Amino acid sequence: MTAISAPNTNPAQATMPADWRDFFALTKPKVMRLVVFTALCGLLAAPGSIHPVIGFTAILCIALAAGGAGALNQWWEADIDAKMKRTAGRPLPMKALRRQDARDFGLVLSGFSVMTMGLAVHWLAAAVLAFSVFFYAVIYTMWLKPRTPQNIVIGGAAGAFPPLIGWIAVTGEITLMPVLLFAIIFMWTPPHFWALALWAKPDYAAANIPMMPNVAGEASTRRQILVYSALLLPLAGTPWFIGGTGAIYGVSALALSAVFLALSVPVGTRRAVEDDRMKPEKRLFAFSILYLFALFAALVVDRMVLA
Ligand code: HEM
Ligand SMILES: CC(C)=CCC/C(C)=C/CC/C(C)=C/COP(=O)(O)OP(=O)(O)O
């Protein structure tokens, strides 16, 4: 195993004055919308109540920590991002800001949000928040991503923590229901990402990142997408099966997961063709995002109706 080496930090990198938009882009705002939404749903679906100001603070802390983790990810991966078409326009490859400023921004955001979560909301929520930043920035970004095609299977856990943290902010404890919410996102992540990785294969090859399609090949990745999507269906229904939710969630979860599985079948069973525009893969990726938004929304609606 190779040691984790510090990235090159050349102080003369930034060629233009940075503005707030560059810092904002470091937080990966588009991806983080869904992260924050799942956290909010975890908070709203938890039993018990939380003062609205404390609840708002908890969600703000999760958003800031997730943004901080995104900045640390981009600080570490500036060289890699420069090699991939999809990421070459980010602020660091564009030299819109200095690399060490991205690192400091990420550290300050993460540190501030964890401390605020602990002081204002709950120390268990703060501890899990700190762990999720560490998991994404260190375990996933620095350690697993450059080393193993299982990187996102294990590293995907980082993105599964937010609803658990939202839940803990209300209840102060970890019980089966929030662990199930964690497990659902954990199982969802491989089909979400590998659908994209299938068409972004040349990018990852250029950056020398061992994503599943590049290492195990397309056929194996496609089969694995199908397996995770098939496992997701009963898992997503489990909160209902064990009586943790009502039928609004249960029926929505099963219907959404059936569509997810149906969209995975053409991806899982097809062979790549010449001049392939990867339509089924793009459709599955797009639906994966809608799926998680709708699933977590159903959880909250279900809880509001039952309450
Ligand atoms: C290790 C786990 C994950 C990996 C490797 C991954 C990877 C990606 C990548 C590469 C994109 C393309 C976006 C871009 O170009 O910046 C993307 C998009 C997206 N991801 Fe993920 N993702 C993961 C987990 C998650 C999680 C946990 C969530 C939310 C709960 C999420 C939500 C989204 C959303 C909302 C988009 C669409 C962003 C847009 O509108 O452009 N992802 N993901
Ligand atoms: C509270 C907290 C810390 C939440 C973190 C949420 C989290 C880990 C989300 C993961 C989503 C994400 C941006 C994956 C991108 O993978 P990548 O970095 O490999 O993608 P890239 O190639 O676009 O940089």
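1. Burial. Buried residues make up 49% of the 307 residues in the protein. A residue is buried if 20 or more other C-beta atoms lie within 10 Å of its own, exposed if 12 or fewer, and partly exposed in between, with C-beta atoms placed from the backbone.

2. Basis. This is a predicted model, in which local features need pLDDT of at least 70, side-chain atom pairs count only at pLDDT 80 or more, and totals for chains, interfaces and linings use all residues. Residues are numbered from 1 along each chain as its sequence is written, while chains are lettered from A and ligands numbered from 1 in the order in which they are written.

3. Fold. The protein has 14 helices and zero strands. Both are DSSP runs numbered from the N terminus: helices are H or I with at least four residues, strands are E with at least two.

4. Overall size. The C-alpha trace spans about 60 × 50 × 35 Å along its principal axes. For 307 residues, a compact globule would have a radius of gyration near 19 Å; the protein has 20 Å, which agrees. That radius is taken over C-alpha atoms, and the globule rule is 2.2 Å times the number of residues to the power 0.38.

5. Contacts along the chain. Take the contacts between residues at least 6 apart in sequence: 75% of them join residues at least 24 apart. Two residues are in contact if their C-beta atoms, placed from the backbone, lie within 7 Å.

6. Domains. The protein is divided into domain 1 (18-172) and domain 2 (175-307). These bounds come from an automatic or database domain assignment. The C-alpha centres of the two domains lie 21 Å apart. Their contact takes 28 residues from domain 1 and 26 residues from domain 2. On the domain 1 side, α2, α4 (78-83), α7 and α8 each supply at least two residues. Helix α8 gives the most to that side, with eight residues. By class, the side of domain 1 that touches domain 2 has 18 nonpolar, five polar and five charged residues. Here Ala, Val, Leu, Ile, Met, Phe, Trp, Tyr, Cys and Pro count as nonpolar, Asp, Glu, Lys and Arg as charged, and the others, Gly among them, as polar.

7. Core. The largest nonpolar core has 98 residues. Such a core is a set of buried Ala, Val, Leu, Ile, Met, Phe, Trp, Tyr and Cys residues joined through C-beta atoms within 7 Å. Helix α9 gives the most to this core, with 15 residues. Leaving aside neighbours within four places in sequence, Ala125 is in contact with Ala58, Met117, Ile165, Ile168 and Ala169.

8. Ligand 1. Of the 18 residues around ligand 1, Lys30, Val31, Leu34, Ile152 and Gly159 come nearest. A residue is near a molecule if its C-beta atom, placed from the backbone, lies within 6 Å of it. Helices α2 (29-45), α7 (151-155), α9 (176-199) and α14 (279-306) each supply at least two residues of the shell. Helix α2 gives the most, with six. The shell draws at least three residues from each of domain 1 and domain 2. It has nine nonpolar, six polar and three charged residues.

9. Ligand 2. Ala66, Ala69, Tyr136, Ala158 and Gly159 come nearest among the 19 residues around ligand 2. At least two shell residues come from each of α2, α3 (52-76), α6 (123-144) and α8 (157-171). Helix α3 gives the most, with five residues. The shell divides into twelve nonpolar, four polar and three charged residues.
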